[in-house]
Amino acid sequence: MTHGSVGFVGLGLMGAPMAANLLGAGWQVRGWNRSPEAVRDLELRGGSGVDTVADLRGEPVIIFMLPDLPFIEESAAGLLAAWRTEPPAPGTLVVVMSSVSPVGVQAFGLAVAEASAGNASVLDAPVSGGTDGARRGTLAIMAGGSEADFARALPVLEAMGAAVRRLGGLGAGSLAKACNQLVVGTTTAALAEAAELAERSGLDVHALFEVLAGGLAGSRVLDQVGPRLAAKDYTPTGPAKFMRKDLSFVLDSARSAGTATPMASAGIELYTELVAQGLGDRDLAVVRQAVANLSAAGAGEARR
């Protein structure tokens, strides 16, 4: 696939810089977003906006970057209806780059195939790297789908990511992302606990994390999230509430595979508590505040 036109649905914190990188790489981008301001920003960068997702029905590649699969299914309803009336060109690709259920995206793939008379197929290609990776075009992209679909999508994906890999058939990319989130979510939670323990014991958290970074505890998670944890900077780079959703995909996949996931189970309890505390729209690093709140509640119980 040479540089051509791409449809892009979802121009939020991640989607907007990803679409901008496509434009920078020479692709024409036609975008839709629920809020018109993001579409205007795309137009200022040289892209063009559409009034409905169905207006993208003739695009050879349509990327979805929305919070979860139900949002994608809702926004794609008009598109699929249009395809039932007039099927798209053979080889049309729908690329799901959101973090979604591995099982759910397979069902979505069947729905797309049915609506398009077999002319369109789905590739799941979730990303890791946060808003910084989205801006820099250095995302890790984990893809699932046929080899032929992946090969056609590769030039588009490489305009947004530095590490692009096909992991297997449809759903494999989403399973890989679930594994990624298991590591990121539980590691961030462990660092948050360490930060609270250190500070309440009189240690400097910044100094602690500098030492940890030089030893076996060093990690990309510590490098990127550690400074926000230490500074208690919870300005959103991605809402923490999505980690609960992502860990639920881990548990669902583990049940299907017959795999024990004690860390994921503990993690989803903590992130469920975080959401219950009203912290879900803050940055992932806000898990430290959730731990602090639990500590305060525990101290209050002990004094009674």
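## Salt bridges

In this predicted model, a search of the whole structure finds 15 salt bridges. Glu59 and Arg30 form one of them, with their side chains meeting at 2.9 Å, N to O. Glu59 sits in the loop between strand 3 (48-49) and strand 4 (61-64), whereas Arg30 belongs to strand 2 (residues 28-32), so that the pair links distant parts of the chain, 29 residues apart. Glu59 counts as buried because its relative accessibility is 6%, under the 20% limit, while Arg30, at 27% relative accessibility, counts as partly exposed.

The side chain of Arg288 meets that of Glu196 in a salt bridge of 2.6 Å, N to O. Because Arg288 lies in helix 12 (residues 287-303) and Glu196 in helix 7, this pair ties together parts that are 92 residues apart in sequence. Both partners count as buried, Arg288 at 0% relative accessibility and Glu196 at 6%.

Arg288 also meets the side chain of Glu199 in a salt bridge, here at 3.1 Å, N to O. This pair again links distant parts of the chain, with Arg288 in helix 12 and Glu199 in helix 7, 89 residues apart. Glu199 is partly exposed, with a relative accessible area of 36%. Salt bridges that share partners join Glu196, Glu199, Arg200, Lys232 and Arg288 into one network.

## A buried lysine without a salt bridge

Lys177 is placed in helix 7, which covers residues 172-200. Lys177 is buried yet has no salt bridge, and the nearest side chain of opposite charge, that of Asp246, is 5.0 Å away, a distance that does not fall within the 4 Å required for a salt bridge. Leaving aside neighbours within four places in sequence, Lys177 is in contact with Ser99, Pro126, Val127 and Met142.

## Overall build

The secondary structure of the protein comes to twelve helices and nine strands. A compact globule of 304 residues would have a radius of gyration near 19 Å, and the value of 21 Å for the protein agrees with this; along its principal axes, the C-alpha trace spans about 70 × 45 × 35 Å. Of the contacts between residues at least 6 apart in sequence, 65% join residues at least 24 apart.

Buried residues make up 49% of the 304 residues, and the accessible surface comes to about 13,900 Å², of which 56% belongs to carbon and sulfur atoms. The protein carries 24 positive and 30 negative charges, whose mean positions are 2 Å apart.

Notes. Residues numbered from 1 in each chain as written. Predicted model: local features only at pLDDT ≥ 70, side-chain atom pairs only at ≥ 80, totals over all residues. Heavy atoms only, no water. Helix = DSSP H or I, 4+ residues; strand = E, 2+ residues; numbered from the N terminus. Rg over C-alpha atoms; globule rule 2.2 N^0.38 Å. Buried < 20%, exposed > 50% of the residue type's maximum accessible area, 1.4 Å probe, protein only. Contact = heavy atoms within 4.5 Å. Areas by Shrake-Rupley, 256 points an atom, 1.4 Å probe, with all protein chains shown as cover. Lys, Arg positive; Asp, Glu negative; His and termini not counted. Charge placed at Lys NZ, Arg CZ, Asp CG, Glu CD.
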